[in-house]
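Come along and look at it with me.

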Amino acid sequence: MLQLGQRWAEVFMKERPGATIQVTGGGSGTGIAALINGTTEICQSSRSIKDEEKASVKQQRNAEVSEIPVAVDALAVYLNRENPVEHLTMEQLRRIFQGEITNWKDVGGKDGNIILYGRENSSGTYAFLKEHVLANGDFAERYQPLGGTAAVINAVVKDANGVGYGGIGYAKDIKTISIAKDATSEPIAPTMENALSNKHPLSRFLFWYIAGPPSGTTKELVDWVLGPQGQNVVKEVGFYPLKGTDAP
């Protein structure tokens, strides 16, 4: 969500010259830790906050966590453009990232060893895939964690046998494939329509978390992000605006 937060901050500060917003990356886990220890006002997270994390915020900040969905995302599976594979099932995806399927020919591709790329374990995207695809199982030993979705994209662009994952907003110069819930289901592309209707198996909300109800400039920013201008930025960056908003 770093890209999205930076763009929101840039546009908001142009409209309100007196406001100062600093945006720092590092993964959802890093943001939640900063919320707990009070070094950030707003935590961006691509996964839901855990109950124990909420309890830590309550203990450290003496405040209940406010959860604010700010955008919709389809977690996309990235392939090199030379890869002929067009879709996978959730089960195939699990077996690939757990190292049970190791050759592309076993899922309809060319003969070649599958090279696994993805996010580091502080990433909410990593946690989302681990929970929703791997059923909280372990990634294969040869899985290569990288520091940011842009790095995952770059690796897959350069590697014809590579596979990675990340938000749809980063999907440039690579191929995104359709995902089927199971072998009898229709593969679903990670489009806005499919994400908003929850048809895509890896659709998710992107969140902001705040200790206590937002107030002052923070509330102004939240209201602006949830309004037409903020949601239009969501579209510009490549994610999907919240359903029911009137983003132009």
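Entry one, the overall fold. I counted nine helices and nine strands in the chain, taking DSSP runs numbered from the N terminus (H or I of at least four residues for helices, E of at least two for strands). The model is predicted, so I kept in mind that local features need pLDDT of at least 70 and side-chain atom pairs pLDDT 80 or more, while totals for chains, interfaces and linings use all residues. Residues are numbered from 1 along each chain as its sequence is written, and side-chain values use heavy atoms, leaving out hydrogens and water.

I noted that the C-alpha trace spans about 60 × 40 × 35 Å along its principal axes. Of the 248 residues, 51% count as buried (under 20% relative accessible area, with a 1.4 Å probe and protein chains only). I also looked up contacts (heavy atoms within 4.5 Å): residues 24 or more positions apart account for 68% of those with a separation of 6 or more.

I found H1 (residues 2-15) packing with H9 (residues 228-237) at an angle of about 140°, their axes 10 Å apart. That makes H1 oblique to H9 (angles under 35 degrees are roughly parallel, over 145 roughly antiparallel, 65 to 115 roughly perpendicular, and the rest oblique). Which residues of H1 meet H9? I listed Gln 3, Leu 4, Arg 7, Trp 8, Val 11 and Glu 15, which meet Gln 229, Gly 230, Val 233, Val 234, Glu 236 and Val 237 in H9.

Terms used. Axes are lines fitted to C-alpha atoms, for helices over the stretch in contact, and angles run from 0 to 180 degrees between N-to-C directions. Buried means under 20% relative accessible area, exposed over 50%, partly exposed in between (1.4 Å probe, protein chains only).
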